[in-house]
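Me: Hi! I'm new to this one and would like a friendly walk through it. Can we look at it together?

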Amino acid sequence: MSAENSITVDVVSDVVCPWCFIGQKRLDKAIAAVGDVGVHVRWRPFQLDPTIPQGGMDRRQYMLGKFGSEERIRQIHARIEPLGEAEGIHFAFGAIKVAPNTLDAHRVIRWAGAAGEDLQSRLVRRLFQLNFEEGANLGDHAVLVEAAREAGMDASVVETLLPTDADVDAVRNEIATASRMGITGVPCFLLEGKYAVMGAQDADTLADAIRQVAQAKARGELETAI
C-alpha cells in the first residue's frame with residue numbers, strides 16, 4: 001500500500017479511561033471499514049490523574065472523593081456499561097479494587113511501540129481488558145510484566161527496566177506535549193499529526209475522518225504536520 005494511501009493515527013489515551021477502551025474498539029472497526037487505507041496506529045500517553053501515588057489508591061474511596069456519592073458513581077457506570085456491551089466490552093467496575101498511577105503502564109506501552117505498532121496495540125488492548133474486565137491492578141509490576149509477555153514482548157527486559165527510571169521523563173514530556181497541544185480529555189485521535197478527533201466517536205465518524213485525511217494527503221493538500 002502506497003504512502004499516499006496511508007495515514008498515521010496517534011491515539012492519546014489512558015489505560016484507566018473507560019471511554020478510551022470504547023474508543024479503541026471503535027477505532028478497530030473504523031480501520032476495518034477503510035480497508036483501502038493503510039492506518040498506522042501509535043499510542044500516546046495521558047494521565048487522567050497523575051497525582052495518584054505510585055502505589056495506587058483504594059478505588060472506591062478514590063471514586064467517592066472524585067464524584068461525591070455512591071449514587072453518582074452508579075449513574076456513571078450505568079451510562080458506560082451498555083455502550084461497552086455494544087462494542088464487546090464487559091465492564092466489571094466492581095472488580096476494580098485499586099485506582100493505579102498509570103505512569104509505569106505508559107512506559108511499557110512506549111517500549112512496546114519501539115518493537116512495532118502491532119505489538120503496541122496488542123499490549124494496549126490487553127491492558128484495557130486487564131483493568132476493566134478482570135479488575136487487575138495496572139500499577140502492579142507483575143501485572144505489567146505478564147501483559148508484556150502476552151503481547152509478545154521480552155518480559156525479562158520489561159521486568160528489569162520497570163524498577164528503574166527508564167523513560168519516566170520521556171513519558172512525562174509526551175504528556176506535557178499533549179497538554180500544550182490543548183488536549184485536556186481523552187481519547188483524542190490525531191490524524192497525520194494535524195487533525196484531531198476528540199472523544200470516543202462512533203466507528204463511522206472515525207472512518208470518515210480517516211478517509212478524508214487520507215484523500216487530502218493523496219492530493220497533497222495537508223499542511224505540514226505538527
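This is a predicted model: local features need pLDDT of at least 70, side-chain atom pairs count only at pLDDT 80 or more; totals for chains, interfaces and linings use all residues.

Me: Ok, how do H4 and H5 pack, at what angle?

Reply: Helix H4 covers residues 103-115 and helix H5 covers residues 117-132; they pack at about 155 degrees with axes 7 Å apart. Helices here are DSSP runs of H or I with at least four residues, strands are E runs of at least two, and both are numbered from the N terminus. Axes are lines fitted to C-alpha atoms, for helices over the stretch in contact, and angles run from 0 to 180 degrees between N-to-C directions. So H4 is roughly antiparallel to H5 (under 35 degrees counts as roughly parallel, over 145 as roughly antiparallel, 65 to 115 as roughly perpendicular and the rest as oblique).

Me: And which residues make that contact?

Reply: On the H4 side they include Val-108, Ile-109 and Arg-110, and on the H5 side they include Leu-123, Val-124 and Leu-127. Contact means heavy atoms within 4.5 Å.

Me: Which residues have the most contacts inside the largest nonpolar core?

Reply: Those are Val-108, Leu-123, Leu-127, Met-153, Leu-191 and Ile-210, in a core of 62 residues. H5 gives the most to this core, with seven residues. A nonpolar core is a set of buried Ala, Val, Leu, Ile, Met, Phe, Trp, Tyr and Cys residues joined through side-chain atoms within 4.5 Å. Buried means under 20% relative accessible area, exposed over 50%, and partly exposed in between, with a 1.4 Å probe and protein chains only.

Me: What does Leu-127 touch, leaving aside neighbours within four places in sequence?

Reply: Its contacts are Val-15, Ala-105, Ile-109, Leu-138, Leu-144 and Ala-147. There is also a second, separate core of six residues, including Ile-52, Leu-64, Ile-73 and Ala-99.

Me: Switching topic: how do H2 and H3 cross?

Reply: Helix H2 (residues 59-67) and helix H3 (residues 70-86) cross at roughly 95 degrees, and their axes come within 9 Å. That makes H2 roughly perpendicular to H3. Among the residues that meet are Met-63, Leu-64 and Phe-67 in H2 and Ile-73, Ile-76 and His-77 in H3.

Me: Which residues of H2 are buried?

Reply: Arg-59, Tyr-62, Met-63 and Leu-64. They pack against strand S3 (57-58), H3 and strand S4 (98-99).

Me: What comes just after H2?

Reply: Gly-68, with a positive phi of about 95 degrees.

Me: Where else is phi positive, in a residue that is not a glycine?

Reply: Asp-167 has a phi of about 65 degrees; Asp-167 sits in the loop between helix H7 (155-161) and H8 and is partly exposed at 30% relative accessibility. Glu-192 also has a positive phi, near 55 degrees. Glu-192 lies in the loop between S5 and strand S6 (195-198), and at 17% it counts as buried.

Me: Which peptide bond is cis?

Reply: The one from Val-186 to Pro-187, with omega near 5 degrees. Pro-187 is in the loop between helix H8 (168-180) and strand S5 (188-191). For background, most peptide bonds are trans.

Key:
Residues are numbered from 1 along each chain as its sequence is written. Side-chain values use heavy atoms; hydrogens and water are left out.
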